[in-house]
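Please consult the sequence and the 3D structure shown here while reading.

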Amino acid sequence: MIIDAHCHFWEADLVSDDFKEVLSAIAKQFNFEYSLLSNGDAERLIREMDEAGIDKTVLLALDGEFIFRSRVTYKEYNDLLAKYMRNYPDRFIGFAGIDPRRGEEAIKELERCINDLGCSGVKFWTLTGFYPDDLKFYPFYERVEELGATILCHTGLGPTGTYLKYCRPVYVDKVATDFPKINFIMAHIGDPWTKEAIAVATKNSNVYLDISAWEPHLKMAPFAFYETLIEAKMTCGINKILFGTDWPLFTSILSLKEYVDGIKKMKLPPPMKMMGLPEFTEDEKNKILGENAKKLFGL
Ligand SMILES: [Zn+2]
């Protein structure tokens, strides 16, 4: 089974002026085609999942209202997520977009999304300006634990106009330690703080890493890609690594199919082989591509 553990979605209504600016900045920065960034609807996603052989995808709604003006409220965004989950019940695992700074209201929305909409987790968009280990959020975490939900926390680099300092992987460590029954997924292996992310995942049995947004590394910096994956395998273990894409953001670099095939065909660059490093086995590749996520989500 192949599972994409980190994927976005949006429709034209959601692409507000503020968000359009963010997408345009990403397009300019990486020389991506804007149309490939701005089209993020379920029909395109399902088509590309089918082409790639991806069985299930974790869809992340975003609550960016603390820094971005939006045409729809974060609750409406969660409702759109629910619509996609209803339309494709076997394909999508929903993570609600909820900013924990909303206090009591965040807890109410959490309950609505998990109990009524059928979501499995929550996406924390820390780059909008909060530390995930703030004690103020502990009542929220208590409810997450009771509901058996998972937290996918943004860690690492974000686009221009967002805040980097909140995105250090180490800020997941305390809350993961204090709430050992909640599973946390740290996005992007915390890039550029990959060692820090791997350390947090090594220390905490409930912390996982996703390799979303690593398409450019696989295509253009394979040494960095393999070095990080080998280090993760060696320290936190292969069971902690989850395939993810950040769709549709990196489809100008690699399509879903190309990224899946890239993982299936992983082969160490010759100098690494000459150093005696072992290749990734079929079993390890399958674990990354979906078996780990399958276990994590109890599928
Ligand atoms: Zn993302």
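## Terms and source

Angles between axes under 35 degrees count as roughly parallel, over 145 as roughly antiparallel, 65 to 115 as roughly perpendicular, and the rest as oblique. The axes are lines fitted to C-alpha atoms, for helices over the stretch in contact, and the angles run from 0 to 180 degrees between N-to-C directions. Helices (H or I, at least four residues) and strands (E, at least two) are DSSP runs, numbered from the N terminus.

The model is predicted: local features need pLDDT of at least 70, side-chain atom pairs count only at pLDDT 80 or more, and totals for chains, interfaces and linings use all residues. Residue numbers start from 1 along each chain as its sequence is written.

## Helices α5 and α6

Helix α5 (residues 104-116) packs with helix α6 (residues 138-147) at an angle of about 15°, and their axes are 10 Å apart. The two helices, α5 and α6, are therefore roughly parallel to each other. The crossing in which α5 passes α6 is right-handed; a crossing has this name if the near helix is turned clockwise from the far one by less than a right angle, and is left-handed if anticlockwise.

Which residues of α5 meet α6? They are Ala 106, Ile 107, Leu 110, Glu 111 and Ile 114, and their partners in α6 are Pro 139, Phe 140, Arg 143, Val 144 and Leu 147. By class, this contact of α5 with α6 has eight nonpolar, no polar and two charged residues. Two residues are in contact if their C-beta atoms, placed from the backbone, lie within 7 Å. Ala, Val, Leu, Ile, Met, Phe, Trp, Tyr, Cys and Pro count as nonpolar, Asp, Glu, Lys and Arg as charged, and the others, Gly among them, as polar.

## Helices α11 and α13

Helix α11 (residues 256-264) and helix α13 (residues 282-296) have axes 9 Å apart and pack at an angle of about 150°. Helices α11 and α13 are therefore roughly antiparallel to each other.

From α11, Val 260, Ile 263 and Lys 264 meet Lys 285, Ile 288 and Leu 289 of α13. The contact of α11 with α13 has, by class, four nonpolar, no polar and two charged residues.

## Helices α7 and α8

A residue is buried if 20 or more other C-beta atoms lie within 10 Å of its own, exposed if 12 or fewer, and partly exposed in between, with C-beta atoms placed from the backbone. In helix α7 (residues 170-178), Tyr 171, Val 172, Asp 173, Val 175 and Ala 176 are buried. The elements that cover the buried residues of α7 include α6, β5 (150-153), β6 (184-186), α8 and β7 (207-210).

Glu 196 lies in helix α8 (residues 194-203). With 20 C-beta neighbours inside 10 Å, Glu 196 counts as buried. Not counting residues up to four places away in sequence, Glu 196 touches Arg 168, Pro 169, Val 170 and Gly 190.

## Backbone details in the loops

The loop between β6 and α8 holds Pro 192, which a cis peptide bond joins to Asp 191, with omega about 15°. A cis peptide bond also runs from Trp 247 to Pro 248, with omega near 0°; Pro 248 is in the loop between β8 (241-242) and α11.

Is Asp 246 buried or exposed? Asp 246 is buried, with 21 other C-beta atoms within 10 Å. Asp 246 is found in the loop between β8 and α11, and has a positive phi of about 70° although it is not a glycine. Asn 31, in the loop between α1 (17-30) and α2 (34-38), has a positive phi near 60°. Asn 31 is exposed, with 8 other C-beta atoms within 10 Å.
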